[in-house]
Amino acid sequence: MRQELPKTYEPREVEGKIYQAWMDADCFHAEPNPDKKPFCIVMPPPNVTGQLHMGHAMDATLQDILIRYKRMQGYEALWMPGTDHAGIATQIKVEEELRTKEGLTRYDLGREKFLERVWDWKNKYGNRIVEQQKKLGASCDWDRARFTMDEGCSKAVRETFCELYDKGLIYKGSRIINWCPHCVTALSDAEVEYQDKPGHLWYIRYPLTDGSGDLVVATTRPETMMGDTGVAVNPEDERFKHLVGKTCILPIMNREIPIVADEYVELGFGTGAVKMTPAHDPNDFEVGLRHNLETIRVIGDDGKINENGGPYNGMDRYECRAAIIKDLEEQGYLVKTEDYSHNVGTCYRCHNDVEPLISAQWFVKMEPLAKEALRVVNEGEVKFVPDRFAKTYTNWMENVHDWCISRQLWWGHQIPAWTCADCGHITVDRTDPTCCAKCGSKNIERDPDVLDTWFSSALWPFSTLGWPDKTPELDYFYPTSVLVTGYDIIFFWVSRMIFSGCEQMKKYPFEKVLIHGLVRDDKGRKMSKSLGNGIDPLEMADKFGADALRFNLITGNSPGNDMRFYVEKCEAMRNFANKIWNASRFVMMNLTIDEVKLPEKLELEDKWVLSRLNTLVKEVTENMDAYELGVASAKVYDFIWDTYCDWYIELTKGRMQADDQAARLSAENVLCYVLIQMLKLLHPFMPFITEEIYQALPHVAGEDASFIMLSDWPVYDEKFAFPAEEAAMEEIMDAIRAIRTRRSEMNVAPGRKVQLTIATAKEDVFTAGAPFFKRLAGATEVHVVPADQAPASKGQVEVVTHSARVFMPLQELVDVAQELQRIAKEKEKALGHLKGIEAKLANEAFTSKAPANIVQNQRDQAEKLRSLIAQLEQSEAAMQG
């Protein structure tokens with residue numbers, strides 16, 4: 001039923017009310033429905049520690065646009081929400097709180113009590129980000145919200161671990177891993193960020209045991225040399241062939257170590273001899289395996305030198321570096337030092353330098369899993385949008401190392417492996433064992449480590465739908481339709497979901513991967529705490545409305561590319577919302593109808609707007625299907641602002657105010673029909689304002705949707721294609737625009753009316769347009785004549801378009817004497833200014849000594865003044881002619 005809209009649109013008053021109405025009516029809920037096609041998006045689960053930032057807002061906006069669009073298209077659309085337990089981040093947060101508020105560490109509490117505290121923290125704060133997403137209008141099925149450590153997801157994690165272990169794809173082994181001494185945990189390769197840092201290359205002399213000379217090696221990490229167990233040379237290097245099989249002395253430690261030949265050493269590179277530290281370098285580790293070199297670890301988990309470090313025991317790794325260099329120099333082993341810039345691995349979370357260490361960890365064997373994960377992308381079963389990111393994915397997957405999945409934390413999925421103290425057997429089981437599976441001993445202990453957070457996230461597309469149980473949701477919604485995520489987590493997450501889906505489900509997890517870029521500040525810098533340039537999306541939504549924020553994030557956005565965020569653009573989008581509101585309010589204030597039905601007899605302007613709308617529907621739908629959401633939103637914006645508000649409403653005002661009841665009703669119906677259709681097209685982008693207006697409007701006959709979000713998406717209809725009428729109306733509008741422009745150039749008062757004579761070959765078109773020229777171009781009378789009967793141009797102002805010449809009597813437009821006086825005054829001022837600039841440019845002292853940009857600026861100004869004077873003289877001549 002029709003209702004009046006308030007004078008101004010107040011997002012704060014509307015948004016919460018509308019969202020609650022959707023929630024109360026269960027609008028976001030989806031169920032397996034054999035009568036509908038499924039469409040499913042799983043939300044990248046934000047960390048429970050998270051506060052909504054601009055990246056989340058972008059992510060949520062893109063997903064919500066797609067889900068609302070597909071829901072309106074008649075799909076059973078499920079947007080599956082959830083949160084991630086975020087191992088390191090959450091544990092650090094709770095440990096920090098414990099330390100600052102109670103002066104305790106996790107060890108003071110013990111594992112069980114500490115985990116109780118983490119769950120308390122999660123229950124108290126973990127829902128913050130969910131509530132924040134709701135403020136943006138996220139239409140998730142909140143009844144289905146999941147958490148990576150809920151009972152179902154935990155069951156999926158355990159099942160996956162056991163399956164992969166049973167197949168030999170998960171193993172425990174001593175390998176070189178990335179270790180963060182600050183976070184005190186292992187990191188996977190994807191969690192290491194490389195930075196180019198200035199350093200040094202130290203050349204060190206290793207004396208040959210037989211006293212016949214020495215080998216010189218170069219290193220960037222002398223603090224690990226106490227763990228050296230060999231020196232390698234290339235087997236083809238003629239300089240060293242006679243030394244292979246002999247030994248040399250490790251300086252300071254005075255330990256005898258072998259010289260081995262291995263092709264890993266690049267021929268002709270550096271000194272040709274490379275020190276081998278198998279416990280602290282992945283390449284040295286592999287060489288060590290081939291030559292049976294001893295593995296001696298000299299750096300502890302805390303980043304300090306351990307008991308194997310001789311005199312440096314207990315020192316920090318960098319303190320040790322300085323001490324050992326001093327000792328090497330004093331003892332005559334340091335040959336030279338060079339400046340050297342090199343790539344240093346840093347922890348993605350704390351940004352401290354990562355230490356490669358040998359450690360017993362759990363790994364996923366990646367080579368067998370990568371094959372199918374590569375095939376589904378290479379053969380197009382999974383498509384990246386834009387497709388250039390498929391190359392990023394395949395490059396990484398082709399060179400992937402085994403994935404270190406164990407983390408030395410307490411918060412997370414504890415590894416389901418028990419080691420027997422008596423026989424050493426490891427029991428891995430779906431249920432907690434009471435004894436060793438091999439010898440039956442009850443003396444078994446569970447591995448204290450937890451799984452990498454990304455292990456559970458990798459299962460997200462199917463664990464959230466009920467796997468490992470067979471559920472109707474899994475059958476219906478898997479594989480999901482599209483994954484929306486940033487390019488920065490292709491390695492962390494996208495790749496792992498693809499190989500996990502292929503392995504556990506025997507089917508890829510999603511058909512499309514829509515990649516978006518980062519939201520940067522207005523200078524193009526990444527938003528960060530350290531720069532202090534972060535913009536709070538909730539603050540923007542509160543100030544300008546969630547719709548304005550969403551529209552800002554999507555317009556001008558293209559898949560895969562970073563975007564700059566301008567606060568001013570939020571303001572512009574709020575103005576756009578106000579424009580829609582005011583236009584809707586005007587229409588509704590003039591409505592007498594209670595139901596919208598298009599009239600059988602359509603006027604020229606009706607056919608024009610319906611034809612334009614029809615084209616818009618077709619193009620926007622194509623753009624949406626191609627994930628060109630920024631392009632689609634811009635087209636809807638232009639139609640609403642220009643076609644509907646600036647033109648169609650004005651074109652129909654004559655009929656709306658006429659005494660002819662039939663003409664009025666006809667205009668009302670078309671105005672309201674077009675308004676409803678464009679609100680539907682805008683709805684996925686700006687859900688709140690469109691719903692509020694829709695609720696106040698009479699609905700189209702035969703449509704019974706109680707909410708715009710549940711209404712039908714407009715479809716292209718050939719019956720609304722009116723190319724001839726559309727072209728005719730455009731010709732009339734071109735002429736009106738040209739007249740308005742000329743009047744503006746001549747400073748004609750808006751209220752001043754004139755006679756128009758239109759000479760054209762299309763007399764019928766312009767005769768039909770006569771009322772529009774009177775209403776919109778300030779015409780008192782309109783005379784349409786054949787093109788060859790144009791009036792004499794003397795005393796006339798002529799405007800030309802591609803299909804007509806329009807003549808206006810000069811005397812009716814302006815007071816000629818007054819206008820000539822104004823032109824003369826403006827011309828005199830411009831000439832004086834030009835004279836001054838030309839004098840300056842003629843002065844060699846100025847042109848030779850002033851900065852080049854200042855001189856150029858003066859030349860540009862002179863050129864502009866000459867152009868202005870020429871225009872004024874042209875206008876003067878026309879007035880006098």
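This is a predicted model: local features need pLDDT of at least 70, side-chain atom pairs count only at pLDDT 80 or more; totals for chains, interfaces and linings use all residues.
Two strands count as paired if DSSP finds at least two bridges between them. Take β18 and β20 (residues 444–446) to begin with: they pair in the antiparallel sense over 3 bridges, and T419 has E445 in β20 as its bridge partner.

β18, which spans residues 417–420, also pairs with β19 (residues 426–428), again in the antiparallel sense and over 3 bridges.

Elsewhere, 3 strands make up an open sheet with antiparallel pairing, in the order β8-β7-β13. Its edge strands, β8 (214–219) and β13 (334–347), each pair on one side only. On average, neighbouring strands of this sheet are turned by 20° against each other, ignoring direction. As for β7 (residues 192–207), 13 bridges tie this strand to β13, and the two run antiparallel. H200, for instance, sits opposite D339 in β13.

What about the cysteines? A disulfide is a covalent bond between the sulfur atoms of two cysteines. Searching the whole structure turns up 0 disulfides. For C320, the reason comes down to distance: the closest cysteine sulfur, in C180, is 19 Å from its own sulfur, so the two are too far apart for a bond, given that a disulfide needs the sulfur atoms within 2.5 Å. C320 also counts as buried because its relative accessibility is 0%. C570 likewise has 0% relative accessibility, so C570 counts as buried; the cut-off for buried is under 20%.

Definitions and conventions
Residues are numbered from 1 along each chain as its sequence is written. Side-chain values use heavy atoms; hydrogens and water are left out. Buried means under 20% relative accessible area, exposed over 50%, partly exposed in between (1.4 Å probe, protein chains only). Helices (H or I, at least four residues) and strands (E, at least two) are DSSP runs, numbered from the N terminus. Axes are lines fitted to C-alpha atoms, for helices over the stretch in contact, and angles run from 0 to 180 degrees between N-to-C directions.
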